[in-house]
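Reader: I'd like to go through this one with you before I set anything up. Could you take my questions one at a time?

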Amino acid sequence: MFSRTGVIMSSSTVLLVLMYVMFVLHAYAPAAGLPFFLQPSTKSTSSGSADSGGGEGAKGGRSRDVPVTDDDPYNHDLILQRMKYWTWGPENTARPPGTPRKYVIFKRDCGGFNNIRMAFEVFVAVAFLSNRTLVIPPPEGWYLIDAGPFARMKPKPGEKSTVSDEGTFFDMTDMAKAIPMVSTRRFIQLEKETLNIPKSLHTVLESIEEWSQAEESKQGFYWDQNKQWWKWLENDSTQRGNALQWGSGGHVMYYPTIKAVKESRPPERRLVGFRSPVELTPQMDKQTYLYFPSCRGEEGSTEDWRYLSQVGSFLAFAEQHMENRFHRMLRNNVHLLPEVFEVAAKVVTELGAFQFVALHVRRNELQYKSSFKSATESLNNIRSKLHKGETIYIATDEVKEDFFDVFRKEFVVRQWKDFFGTGRPLENVEFSRKHEGLIEMAVCSMGRIFFGTSLSTFSAYIRRLRGYVKAPDTGLFQHSKKVSAGDDGKEKLSGGDIFHDEPDIWEELDDIDTVNVVPTV
């Protein structure tokens with residue numbers, strides 16, 4: 001045999017070289033059997049390093065520094081940079097091109113946006129960790145957004161019926177950099193013969209545009225066809241035994257296996273509570289698709305057919321670097337649309353970054369009536385943390401104009417209506433009415449401190465956003481509970497709490513070091 005330099009090498013020599021190379025590869029790649037996204041990092045993580053995943057820093061690198069707003073808290077450009085947290089900090093995780101011919105199919109939760117979001121993050125997690133393609137359901141009416149009682153975000157008089165899908169709220173382009181996805185219609189086209197899917201289902205609703213352009217009779221056809229699709233899927237998944245009864249109120253997913261987690265990093269009992277561990281099994285791997293039938297049977301319960309938990313509390317990883325990489329993917333790839341933050345940044349520019357108190361008061365459509373407090377009770381509960389005469393931004397669905405007058409007597413109160421509408425500073429800013437709640441979550445993420453509503457998933461997501469933007473205070477504070485001046489909001493969650501995130505979901509993002517942290521305001 002000849003080398004490129006013309007040196008003759010014997011067969012035995014070549015064999016010895018190959019054996020040595022294999023030994024080195026085995027010795028220095030102990031995790032080679034892991035999926036691509038969980039391989040230990042070998043590249044530098046210095047500032048401005050190239051992005052391996054085609055993400056925000058793919059051309060010329062991305063900064064690991066937090067955009068600092070302390071010296072100029074009313075600088076709109078700096079505020080917007082800070083709020084677009086997925087564009088700075090730890091890098092995106094790469095995924096190879098292609099669409100795996102194994103899938104995760106899910107039915108959306110039957111609740112409001114943040115219930116749908118929490119369950120969606122669970123489905124994303126399973127698709128990511130199992131290296132499956134995520135099948136996006138057909139567009140449909142979302143509760144309290146397209147249909148239902150409207151306290152806020154009301155459709156305009158005469159507005160036609162609307163539908164939504166995940167792309168209405170999430171940046172699907174960034175998500176696709178980490179999670180392969182297809183529409184339901186595309187899935188049916190790909191697998192109709194393999195799964196023997198009836199021809200009558202081959203043209204299920206593909207897009208919101210199709211719905212909006214259709215006559216009322218055609219919309220009715222799509223509606224009926226969607227119902228038939230879910231009925232077929234229920235029957236097919238029952239026969240295949242691939243519907244996952246993993247309700248997050250009764251289960252925790254151990255990755256990669258229950259045995260591996262128990263042996264290396266068993267989670268604290270306070271995080272698991274009385275929930276049972278579940279895992280992805282070799283039998284599941286053989287299935288063409290895994291199915292999450294949200295709200296099956298009388299709307300289901302969180303112990304079986306509702307996947308309602310903050311995704312961090314649903315997962316336990318055998319290795320720290322696995323957990324970090326999942327958290328990084330969630331931060332960088334599963335985020336709301338940029339336009340949500342662009343509108344919110346205009347409000348924050350008026351208020352000043354971290355120059356105001358953010359307060360979320362849920363008053364309607366919350367089944368936990370113990371969370372409802374009078375304005376006087378709420379003020380007394382949080383007073384110890386307030387500064388005299390400061391600005392408080394209140395995100396609320398309370399419709400009574402005078403409800404917060406007790407706050408106005410002592411503080412500068414600002415609400416949505418003070419910025420949008422005729423004669424208001426942002427009256428000419430355009431946005432979808434469906435984004436109003438999302439925009440308010442983003443605004444609240446930029447307060448110096450935040451007080452939420454107990455058991456509200458809206459409040460819980462604000463706290464995670466505050467972690468992502470590195471707000472000066474990310475403590476868990478609620479206006480429905482007494483807060484003392486010395487309380488740091490860092491009490492540990494217990495009892496298998498599924499409503500709140502552990503701080504590690506925004507703190508544990510990097511395998512080597514952490515991103516720079518700005519000083520508190």
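Reader: What share of the contacts in the protein with a separation of 6 or more comes from residues 24 or more positions apart?
Author: This is a predicted model, and in it residues 24 or more positions apart account for 78% of the contacts with a separation of 6 or more.

Reader: And how many helices and strands does the protein have?
Author: The protein has 18 helices and eleven strands, and buried residues make up 52% of its 521 residues.

Reader: On to the cysteines, then. How many disulfides do you count?
Author: The count comes to one disulfide, formed by cysteine 110 and cysteine 295, whose sulfur atoms are 2.2 Å apart.

Reader: Is the disulfide left-handed or right-handed, and why?
Author: It is left-handed, because the torsion about the S-S bond of cysteine 110 and cysteine 295 is about -90 degrees.

Reader: Are cysteine 110 and cysteine 295 buried or partly exposed?
Author: Cysteine 110 has a relative accessibility of 32% and therefore counts as partly exposed, whereas cysteine 295, at 13%, counts as buried. Another cysteine, cysteine 444, is also buried, with a relative accessibility of 0%.

Reader: Back to the backbone for a moment. What is phi of cysteine 295?
Author: Phi of cysteine 295 is near 65 degrees, which is a positive value in a residue other than glycine. Asparagine 131 also has a positive phi, of about 55 degrees, although it is not a glycine.

Reader: Where is asparagine 131 found, and is it buried or partly exposed?
Author: Asparagine 131 is in the loop between H3 and strand S2 (133-136), and at 38% relative accessibility it counts as partly exposed.

Reader: Which peptide bond is cis, if you have one to show me?
Author: The bond from tyrosine 255 to proline 256 is cis, with omega near 5 degrees, and proline 256 sits in the loop between strand S4 (251-255) and helix H8 (258-264).

Reader: Let's switch to side chains. Where is arginine 275, and why does it count as buried?
Author: Arginine 275 is found in the loop between helix H9 (269-272) and strand S5 (276-278). It counts as buried because its relative accessibility is 7%, and the cut-off for buried is under 20%.

Reader: Which backbone oxygens lie by polar atoms of its side chain?
Author: For arginine 275, the backbone oxygen of valine 272 lies 3.2 Å from a polar atom of the side chain, and the backbone oxygen of serine 313 lies 2.9 Å from a polar atom of that side chain.

Reader: What does the side chain of serine 183 reach?
Author: The side chain of serine 183 reaches the backbone nitrogen of arginine 186 at 3.1 Å. Serine 183 itself is found in strand S3 (residues 181-183), and with a relative accessibility of 18% it counts as buried. Leaving aside neighbours within four places in sequence, serine 183 is in contact with Val135, Ile136 and Glu206.

Reader: And serine 484, what is that in contact with?
Author: With neighbours within four places in sequence again left aside, serine 484 is in contact with Ser384 and Lys385. Serine 484 lies in the loop between helix H17 (457-468) and helix H18 (504-507), and at 42% relative accessibility it counts as partly exposed.

Reader: Last topic, cavities. How many of 30 Å³ or more are there?
Author: The count comes to one cavity of 30 Å³ or more, and the largest cavity has a volume of about 80 Å³.

Reader: Which helix gives the most to the lining, and how do the lining residues divide?
Author: H17 gives the most to the lining of the largest cavity, with three residues, and the lining divides into four nonpolar, seven polar and one charged. The residues that line it include Phe450, Ser459, Arg463, Gln478 and His500.

Key: Residues are numbered from 1 along each chain as its sequence is written. This is a predicted model: local features need pLDDT of at least 70, side-chain atom pairs count only at pLDDT 80 or more; totals for chains, interfaces and linings use all residues. Side-chain values use heavy atoms; hydrogens and water are left out. Helices (H or I, at least four residues) and strands (E, at least two) are DSSP runs, numbered from the N terminus. Buried means under 20% relative accessible area, exposed over 50%, partly exposed in between (1.4 Å probe, protein chains only). A polar contact is a pair of N or O atoms within 3.5 Å; within protein, one must be able to donate a hydrogen and the other to accept it, and residues adjacent in sequence count only if both atoms are side-chain atoms. Contact means heavy atoms within 4.5 Å. A disulfide is a pair of cysteine sulfur atoms within 2.5 Å. On a 1 Å grid over the protein atoms alone, a cavity is a set of points where a 1.4 Å probe fits but cannot get out, and a pocket is an open set with protein on both sides within 12 Å along at least five of seven lines; lining residues have an atom within 4 Å of a point. Grid points are joined across faces, edges and corners, and a volume is the space filled by probe spheres set on the points. Ala, Val, Leu, Ile, Met, Phe, Trp, Tyr, Cys and Pro count as nonpolar, Asp, Glu, Lys and Arg as charged, and the others, Gly among them, as polar.
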